[in-house]
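Take a moment with the sequence and the fold below. Then let us walk through them step by step.

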Amino acid sequence: MIHTVTVALPPAAILEQAKRFFAERVPNMSAFPEKEGPQYLILRGQGGEEVAINARALDASNGSARTHLRVSTLFFDQGVDRFLSILPLESDIEVK
């Protein structure tokens, strides 16, 4: 599934929280960084499952840090839902 939402944090902060969350707060389905860059993070679970995160900064002309966040996974849907619940969301979560 693909989860899409707008978050009131900069991309780097979201990606850092994702690394900690999936390593520490989902003990029965932990996932760890495999690849990362300034706008993306690929986490890999113990069975090879993947969580792909894309965090793209939105226009900050009004001084607020806002990010378009897209998280894709086939196995970690419950963990993704829990992760999104701890973020300061600025829109409804769209799930496809």
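This is a predicted model: local features need pLDDT of at least 70, side-chain atom pairs count only at pLDDT 80 or more; totals for chains, interfaces and linings use all residues.

Confidence comes first. The average pLDDT over the chain is 93. A score of at least 70 is reached by 97% of the residues. By element, the lowest confidence falls in α2, with a mean of 95. The highest is in β1, at 98.

Now the overall build. The chain holds 2 helices and 6 strands. Follow the sequence and the pattern reads β-α-β-β-β-β-α-β. The C-alpha trace spans about 45 × 25 × 20 Å along its principal axes. For 96 residues, a compact globule would have a radius of gyration near 12 Å, and the chain's 13 Å agrees with that. Of the 96 residues, 36% count as buried. The accessible surface comes to about 5400 Å². Carbon and sulfur atoms contribute 50% of that surface.

Take the contacts with a separation of 6 or more: 58% of them join residues 24 or more positions apart.

Next, the sheet. The 6 strands form an open sheet with antiparallel pairing. Their order is β2-β3-β4-β5-β1-β6. At the edges sit β2 (31–36) and β6 (94–95), each pairing on one side only. Further in, β4 (residues 50–57) pairs with β5 (residues 67–73). That pairing is antiparallel and runs over 7 bridges.

Helix α1 covers residues 11–24. The strands under α1 are β1 (2–7), β2, β3 (40–45), β4 and β5. Its direction makes an angle of about 160 degrees with β4. Helix α2 covers residues 77–85 and lies across β1, β4 and β5. Against β1, helix α2 runs at about 5 degrees.

Finally, zoom in on Thr6, a residue of strand β1. Is Thr6 buried or exposed? The cut-off for buried is under 20% relative accessible area. Thr6 has 12%, so this residue is buried. Which residues does Thr6 touch, not counting those up to four places away in sequence? The list is Leu58, Arg66, Thr67, Pro88, Leu89, Glu90 and Ser91. Of these, Thr67 falls within the range of β5, residues 67–73.

How values were computed. Residues are numbered from 1 along each chain as its sequence is written. Side-chain values use heavy atoms; hydrogens and water are left out. Two strands pair if DSSP finds at least two bridges between them. Helices (H or I, at least four residues) and strands (E, at least two) are DSSP runs, numbered from the N terminus. Contact means heavy atoms within 4.5 Å. Axes are lines fitted to C-alpha atoms, for helices over the stretch in contact, and angles run from 0 to 180 degrees between N-to-C directions. Buried means under 20% relative accessible area, exposed over 50%, partly exposed in between (1.4 Å probe, protein chains only). pLDDT is the predictor's confidence in each residue, from 0 to 100. The radius of gyration is taken over C-alpha atoms; the globule rule is 2.2 Å times the number of residues to the power 0.38. Accessible areas come from the Shrake-Rupley method with a 1.4 Å probe; for residues, only the protein chains shown count as cover.
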